[in-house]
Amino acid sequence: MNTMEITKIVAGVCGSLLLLLFIKWGADAYYEGGEAYGEGEMTVYPVAEGGAAPAEEEVVEAVPFAELYAAADAGAGARVFNKCKGCHKTEEGVHAVGPSLFGVVGRPQGVAEGFEKYSGVLAEIGGTWEPEVLDQFLTSPSTYAPGTAMSFNGIPKDTDRANLIAYLATLH
């Protein structure tokens, strides 16, 4: 084996690793909606003077969902939807792994015309996808509907959920 063949092998391995790196960056940007690169909100932890942790923690009162939803930003919800668009579409009647979310607010649970892959748990629960119900579901789908086929962990931030639901409510 001469040096030219060794150079080609090394270049091939390096090129492959570089390609995988670019694919990972693209996937992160696609599924995180740009937040992975500093465009999202920043978490700030309080630190007392001298670098020590504060003696007492503040108790943060939970804001009722109705207030969050009333102040929700559908534009911000469209960015949160980036976490959902791998499995859901927003066009009417266009389904993917999950059902189309067009008109989901106010629609009966476990029902989407043309989508037959529901796990059945949502239909058993019954009711409609009202904003408050969607908030409970999106907090933790597996807690709301044990046995659901949806393997999504949920959206932990209250404001993100309210914004997402406000965005989904515009899809009619």
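**Helix α5 against helix α7**

In this predicted model, the axes of helix α5 (residues 131-139) and helix α7 (residues 158-169) come within 10 Å and cross at roughly 130 degrees.

Q: Why is α5 called oblique to α7?
A: The axes cross at roughly 130 degrees. Angles over 145 count as roughly antiparallel and those of 65 to 115 as roughly perpendicular, with the rest oblique, so α5 is oblique to α7.

Q: What is the handedness of the crossing where α5 passes α7?
A: The crossing of α5 with α7 is right-handed.

Q: Which residues make the contact?
A: On α5 they are Pro131, Leu134, Asp135, Leu138 and Thr139; on α7 they are Arg161, Leu164 and Ile165. Contact here means heavy atoms within 4.5 Å.

Q: What makes up the contact of α5 with α7 by class?
A: Five residues are nonpolar, one is polar and two are charged. Leu and Ile count as nonpolar, as does Pro, whereas Asp and Arg count as charged.

Q: How many helices and strands does the protein chain have?
A: The chain has seven helices and zero strands, and from the N terminus on its elements run α-α-α-α-α-α-α.

Q: What share of the protein chain counts as buried?
A: Of its 172 residues, 28% count as buried, the cut-off being under 20% relative accessible area. The accessible surface of the chain comes to about 11,400 Å², and carbon and sulfur atoms account for 59% of that surface.

Key. Residues numbered from 1 in each chain as written. Predicted model: local features only at pLDDT ≥ 70, side-chain atom pairs only at ≥ 80, totals over all residues. Heavy atoms only, no water. Axes fitted to C-alpha atoms, helices over the stretch in contact; angles between N-to-C directions. Helix = DSSP H or I, 4+ residues; strand = E, 2+ residues; numbered from the N terminus. Parallel < 35°, antiparallel > 145°, perpendicular 65-115°, else oblique. Left-handed = near helix turned anticlockwise from the far one by under 90°. Buried < 20%, exposed > 50% of the residue type's maximum accessible area, 1.4 Å probe, protein only. Areas by Shrake-Rupley, 256 points an atom, 1.4 Å probe, with all protein chains shown as cover.
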